[in-house]
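Here is a quick tour of a protein model, from the overall build down to a few single residues. Keep the viewer open and follow along.

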Amino acid sequence: MKNKTIIFLADGMADEPISELGDKTPLQYANTPAMDSIAANGVSGTMLTLPEGFPTSSEVANMSVLGCDLATEYCGRGPLEAAGQGIDMRPDDKAFRLNLTAVEDGILKDFSGGHINQNDADRLIAALNESFRTDDIKFYTGVSYRNLLIFSGSKYSHNIRAEKPDDNQGEPVSRHLPKADDPEAQETLTFMLRLIAEAPAVLEKLNTTANGVWPWSGGVAGALKSLEEKYGITGAVISAVDVISGLGKCLGMDVIKVPGATGYIDTNYEGKASAAIEALCTHDLVYLHLEAIDEVSHEQNLKLKIQAIEDFDSKIVTPVLAQIPSDTNIAVLPDHPVPVSIGKHTRTPVPVAVMKKGGKADSVMTFDEISCKTGSLGALSNGDLMDLLFK
Ligand SMILES: [Zn+2]
């Protein structure tokens with residue numbers, strides 16, 4: 001029988017040294033005794049989660065961590081979020097992620113539409129359906145600003161090149177419009193451009209924090225191999241965001257929804273910790289994902305980033321470590337960096353620490369970007385972590 005395993009995944013936690021913090025990174029600066037104990041009692045290293053050739057997106061990074069073969073299995077974010085929302089995609093459906101954004105004088109002011117509240121987001125998506133829905137084009141509500149646009153039928157294509165909204169804050173929207181990669185995508189593109197141009201007039205009437213839309217990362221339902229197939233294990237995923245829940249679902253994991261999990265710093269940390277402890281009784285792997293740190297990093301809010309890292313350590317990692325069986329294998333890592341100095345994802349390898357039953361510790365004593373570089377795990381990449389834990 002395999003040992004039980006928990007992976008603590010802190011979205012966007014990695015960063016760079018910051019002069020205000022005495023040239024420490026936020027993770028070095030923050031008080032994180034629980035994560036440090038994993039590094040001190042285990043082995044550490046770095047992991048490349050966003051290889052060149054793929055978008056610098058969370059779904060790519062989390063696929064890397066969970067051992068997906070990016071070259072053959074990468075399918076875009078749309079279909080993963082659809083799975084996360086329980087939408088059954090048909091083979092000729094193309095799903096795009098649709099951000100609700102805030103736009104002022106043609107400039108993208110906020111890719112999250114002011115972290116629009118759920119009630120307002122639901123109203124805006126209803127308004128989009130009322131104005132733009134057709135027999136084969138439909139909008140679906142997700143969590144806050146993270147929604148979906150699904151095209152059905154062979155006349156539409158997912159071969160649209162669209163930039164990430166969070167890479168384009170402060171930029172004129174007109175300079176970053178989606179483009180069609182092949183002639184078959186022209187009809188899809190035409191709709192999208194009309195939507196981007198006309199949505200503000202519809203949305204502004206509802207007086208919320210969002211008034212724009214940004215469709216991106218489209219795809220068709222992919223062929224992800226399940227964890228059972230690849231590693232012979234069962235899994236559970238705990239996350240507030242549809243893309244991670246959906247990725248888990250596509251990998252055959254059980255999706256555990258925690259009431260009050262918001263994807264932000266007001267999330268239900270305690271509820272997520274309890275859900276993880278419980279899920280570990282019935283699954284080989286529990287993947288506990290926290291979105292909050294990523295969000296405040298995009299906001300370039302250093303104070304909140306340090307607070308969110310400390311909350312993750314004290315309200316999630318600490319209680320889980322205290323209550324799970326002592327022979328549980330444990331890993332902790334961010335999916336990718338979001339340096340607060342730029343507020344965007346980077347491809348820099350992230351720190352990782354692993355505590356395996358019966359394993360010997362290396363000399364790394366603290367969990368952070370700098371000290372993990374000296375650990376005995378060395379430089380990991382796509383699939384290495386899962387192999388280390390389950391092969
Ligand atoms: Zn992010």
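## Overall build

The protein has 13 helices and 15 strands, where helices (H or I, at least four residues) and strands (E, at least two) are DSSP runs, numbered from the N terminus. This is a predicted model, in which local features need pLDDT of at least 70 and side-chain atom pairs count only at pLDDT 80 or more, while totals for chains, interfaces and linings use all residues. Residue numbers start from 1 along each chain as its sequence is written.

Laid along the principal axes, the C-alpha atoms fill a box of roughly 60 × 50 × 35 Å. Of the 391 residues, 53% count as buried. Buried means that 20 or more other C-beta atoms lie within 10 Å of a residue's own, exposed means 12 or fewer, and partly exposed is in between, with C-beta atoms placed from the backbone.

As for contacts (C-beta atoms, placed from the backbone, within 7 Å), take the pairs at least 6 apart in sequence: 72% of them join residues at least 24 apart.

## Two domains

The domain assignment gives domain 1 (5-73 + 225-390) and domain 2 (82-219); such bounds come from an automatic or database domain assignment. Over C-alpha atoms, the centres of domain 1 and domain 2 are 29 Å apart. At the meeting point, 15 residues of domain 1 are in contact with 14 residues of domain 2. On the domain 1 side, helix α9 (residues 242-250) gives the most, with 6 residues.

## The core and helix α12

The largest nonpolar core has 115 residues, and those touching the most other members are Ile-238, Ala-276, Val-286, Leu-288, Val-332 and Val-352. Such a core is a set of buried Ala, Val, Leu, Ile, Met, Phe, Trp, Tyr and Cys residues joined through C-beta atoms within 7 Å. Helix α12 (residues 302-323) is its top contributor, with 8 residues. Domain 1 and domain 2 both give residues to this core, so it lies between them. Leaving aside neighbours within four places in sequence, Leu-288 is in contact with residues including Ile-6, Phe-8, Ile-238 and Ala-276.

Now follow α12 itself. Its 22 residues reach 31 Å from first C-alpha to last, close to the expected 32 Å, where the expected span is 1.5 Å times one less than the number of residues. α12 bends by about 30° at Val-317, and Pro-319 follows within four residues; the bend is the angle between axes fitted to the seven residues ending there and the seven starting there. Buried residues of α12 include Lys-305, Asp-313, Phe-312 and Val-317.

## Residues to click on

Most residues other than glycine have a negative phi. Asn-207 has a positive phi of about 55° and sits in the loop between α7 (186-203) and β9 (212-219). Ser-217, with a positive phi near 50°, is in strand β9. Which of these is buried or exposed? Asn-207 counts as exposed because it has 9 C-beta neighbours inside 10 Å, whereas Ser-217 has 26 and so counts as buried.

Ser-64, in helix α3 (residues 58-65), is also buried, with 28 other C-beta atoms within 10 Å. Not counting residues up to four places away in sequence, Ser-64 touches Thr-49, Leu-70 and Asn-382.

Notes: Two residues are in contact if their C-beta atoms, placed from the backbone, lie within 7 Å.
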